[in-house]
Amino acid sequence: THPLGLESFSTGEGNDQVQLCACNAAGVVVILNPTRQESVVQRFCVYKQPVPTKGTGTDGALKQDEQPVALATTFALDVAGNRVAVGGPDRETVLFDIETAKQVWKTKNLAPDPQTLLQPQVWPTAIRFLSSDCVLGSNIMAVGNGYKQVRIYDVRPTPTQRRPICWTPEGLLEHRVTAITQIDENHIVAGDAAGYLHTIDLRKLGRPIKTDASVQTVGRYVGPAGSVRGLVNHASAPRLAAAGLDRMLRIYDTTKRKQVSCMYLR
């Protein structure tokens, strides 16, 4: 299966304390120390692979198909580098401790609709742990899904609930969410499959809408012409980098939502 991404984290001071966390679509998480000869520190699988099917070869003998199945679509590492979150189609986002390789938390879907008695479909496509200075507090995780919604979870070890504490209403986003990043303590930016970048105000999520869904967005970044695949915010400067399937790397000023640089990536 294909890789989902790679993130780095520090376990102490010095270059030998920097480790890498990688995950693939089969849900296999690997912790690496690039300074060691035996670089693999930890390896575990988030999902149980289905039982391999047996088939008959050309010589009449039974052969076993051991190809892993793609079960995950996104993953993220928390700010402290202690937990990894993985999600996939029709699977809730799960959090695993990277030291013990055990599940420590799992999201829960929204309550069924009172009229249809149906629950919303689940498909996490973008996960981002928000910084400790978030307006909602610490241990906050934002999850964008394939059904045009961003959900905010409180992922403390002993939470009061596993359902989202707030989420974007229907109609606010029009396409599948593909990337999420935090630009300040009050706002996050969500990129979708159509190339739109929406700034979402965390302070307004969950409140009733009086006119339409657009009142909960601060504004949109103009520029991308393809599905957004990566969003990175600068650590100190008001700059946002966006890259997608249009092969363009765009740098934005987050205070004005204006594009300040653009380059073609061959």
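Modeller: In this predicted model, I would take strand E8, which spans residues 83-88 and is mostly covered, with 6 of its 6 residues buried. Side chains in a regular strand alternate between the two faces of the sheet. In E8, Arg83, Ala85 and Gly87 point one way while Val84, Val86 and Gly88 point the other way, and the residues of both sets are buried.

On one side of this picture is strand E7, residues 74-77, which pairs with E8 in the antiparallel sense over 4 bridges, and within that pairing leucine 77 stands opposite valine 84 of E8. The hairpin made by E7 and E8 has 5 residues between the strands, and there glycine 81 adopts a positive phi near 75°.

E8 also pairs with strand E9, residues 91-97, again in the antiparallel sense, here over 5 bridges, and arginine 83, one of the buried residues of E8, stands opposite aspartate 97 in E9. These two strands form a hairpin as well, with 2 residues between them, and aspartate 90 in that turn has a positive phi of about 60°.

Taken together, E8 has an antiparallel pairing with E7 and another with E9, and each of these pairings belongs to a hairpin in which a residue with positive phi is found, glycine 81 in the hairpin with E7 and aspartate 90 in the hairpin with E9.

Terms used. Residues are numbered from 1 along each chain as its sequence is written. This is a predicted model: local features need pLDDT of at least 70, side-chain atom pairs count only at pLDDT 80 or more; totals for chains, interfaces and linings use all residues. Side-chain values use heavy atoms; hydrogens and water are left out. Buried means under 20% relative accessible area, exposed over 50%, partly exposed in between (1.4 Å probe, protein chains only). Two strands pair if DSSP finds at least two bridges between them.
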